[in-house]
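Thanks for making time, everyone. Please bring the model up on your screens, and we will walk through it together.

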Amino acid sequence: MAKIMLQGVFREDQTAESKGQAVADINKLLDGALQQVRNVSYLLHPPLLDEVGLRSALGWYVDGLSKRSGIEITMGTQPLDFPRLAPELETTLFRVIQEALTNVFRHSQARKAYVILERKESEIAVTVRDDGVGVPDEIAEFRPDSIGVGIGGMRQRIKELGGELALRKAHPGTSVEAVIPIGAVQSEGRSVPVTAR
Ligand SMILES: Nc1ncnc2c1ncn2[C@@H]1O[C@H](COP(=O)(O)OP(=O)(O)OP(=O)(O)O)[C@@H](O)[C@H]1O
Ligand SMILES: [Mg+2]
């Protein structure tokens with residue numbers, strides 16, 4: 001769009017006024033595009049996460065959503081003093097929990113929800129449970145024409161790290177369960193231990 005508008009600016013038959021307007025419009029478009037790039041890179045890796053770590057970033061997110069939604073959301077970690085993980089793993093876990101809780105907010109009609117984040121010997125286990133209406137069977141079975149971008153993306157991210165996602169009816173409500181191996185994450189061709197950063 002900006003390119004087409006630029007052509008107009010260079011055309012002989014345009015008045016100075018319309019050129020001025022076109023330049024202003026192009027400026028606005030580019031500002032919008034830049035903002036979008038920022039949003040996308042933020043979505044891929046929120047700076048807050050890097051700074052404060054998964055536990056604090058999640059605590060902050062969960063508190064905010066609790067207030068906005070009126071759903072009583074609690075979070076627990078095991079161990080309490082949850083260790084830092086590789087950036088890719090922290091980002092994936094943050095995104096997965098964020099999407100699961102957004103779904104709780106949008107679809108479940110739950111009054112309460114909880115998040116459990118567990119560091120096991122060789123994997124991280126996450127549970128997001130709500131006491132709402134429960135997921136339809138076709139969603140829990142990941143039928144391709146039923147799941148949305150949210151669950152599809154969540155599943156994809158988890159798979160990329162060698163993990164697995166399951167959605168279960170919890171009577172009442174839904175339990176979203178993800179397990180991701182801690183392993184060693186490839187970074188710039190080197191293999192780095194996931195907890196050391
Ligand atoms: N916690 C939940 N309780 C009840 N239903 C749920 C829950 N989570 C997901 N669902 C159902 O699964 C469907 C698919 O979820 P998914 O996140 O893939 O898509 P979405 O939330 O509809 O849209 P988006 O792509 O924006 O995330 C939802 O539309 C909803 O019907
Ligand atoms: Mg969703």
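**Starting from one threonine**

Let's begin at T77, which sits in strand β1, residues 72-78. Strands here are DSSP runs of E with at least two residues, helices are runs of H or I with at least four, and both are numbered from the N terminus. A word on ground rules. This is a predicted model, so local features need pLDDT of at least 70 and side-chain atom pairs count only at pLDDT 80 or more, while totals for chains, interfaces and linings use all residues. Residues are numbered from 1 along each chain as its sequence is written, chains are lettered from A and ligands numbered from 1 in the order in which they are written, and side-chain values use heavy atoms, with hydrogens and water left out.

Back to T77. Is T77 buried or exposed? T77 is buried, because its relative accessible area is 9%. The scale is this: buried is under 20% relative accessible area, exposed is over 50%, and partly exposed lies in between, using a 1.4 Å probe and protein chains only.

Leaving out residues up to four places away in sequence, T77 touches R55, F82 and L117. Contact there means heavy atoms within 4.5 Å.

The peptide bond from Q78 to P79 is cis, with omega near 0 degrees. P79 itself lies in the loop between β1 and α5. There is also a cis bond between H171 and P172, where omega is about 0 degrees. P172 is in the loop between β4 (164-169) and β5 (174-181).

Now two positive phi angles. Q109 is not a glycine, yet its phi is positive, about 60 degrees. Q109 belongs to the loop between α5 and β2 (112-119). Q109 counts as exposed, because its relative accessibility is 67%. F142 also has a positive phi, near 55 degrees, and is a residue other than glycine. F142 is in the loop between α6 (137-140) and α7 (149-160). With 12% relative accessibility, F142 counts as buried.

**The metal and the ligand**

Next, the magnesium ion, ligand 2. Which residues coordinate the magnesium ion? E99 (OE) and N103 (OD1) do, at 2.1 Å. Donors are N, O and S atoms within 2.8 Å of the metal, or 3.2 Å for Na, K and Ca; water is not among the atoms, so sites may look incomplete. Why are E99 and N103 about one helical turn apart? Because they are four residues apart in helix α5, residues 87-108.

N103 is buried, at 16% relative accessibility. N103 touches S108 and I151, again not counting residues up to four places away in sequence. N103 also meets ligand 1: an N or O atom of its side chain is 2.8 Å from a ligand oxygen. For the side chain of H107, the corresponding distance to an oxygen of ligand 1 is 2.7 Å. A polar backbone atom of G150 is 3.0 Å from a ligand 1 oxygen. Taken alone, ligand 1 exposes 600 Å², and the protein buries 79% of that. These areas come from the Shrake-Rupley method with a 1.4 Å probe; for residues, only the protein chains shown count as cover.

**The whole chain**

Stepping back, the chain has seven helices and seven strands. From the N terminus on, the order is α-α-α-α-β-α-β-β-α-α-β-β-β-β. The chain has 197 residues, and 35% of them count as buried. The chain exposes about 12000 Å², with 54% supplied by carbon and sulfur atoms.

Last, confidence. The mean pLDDT, the predictor's confidence in each residue from 0 to 100, is 88 for the chain, and 89% of its residues reach 70 or more. Over residues 186-192, pLDDT stays under 50. Where pLDDT is low, the predicted coordinates should not be read in detail.

Key. Polar contact = N/O pair within 3.5 Å; in protein donor to acceptor, adjacent residues only side chain to side chain.
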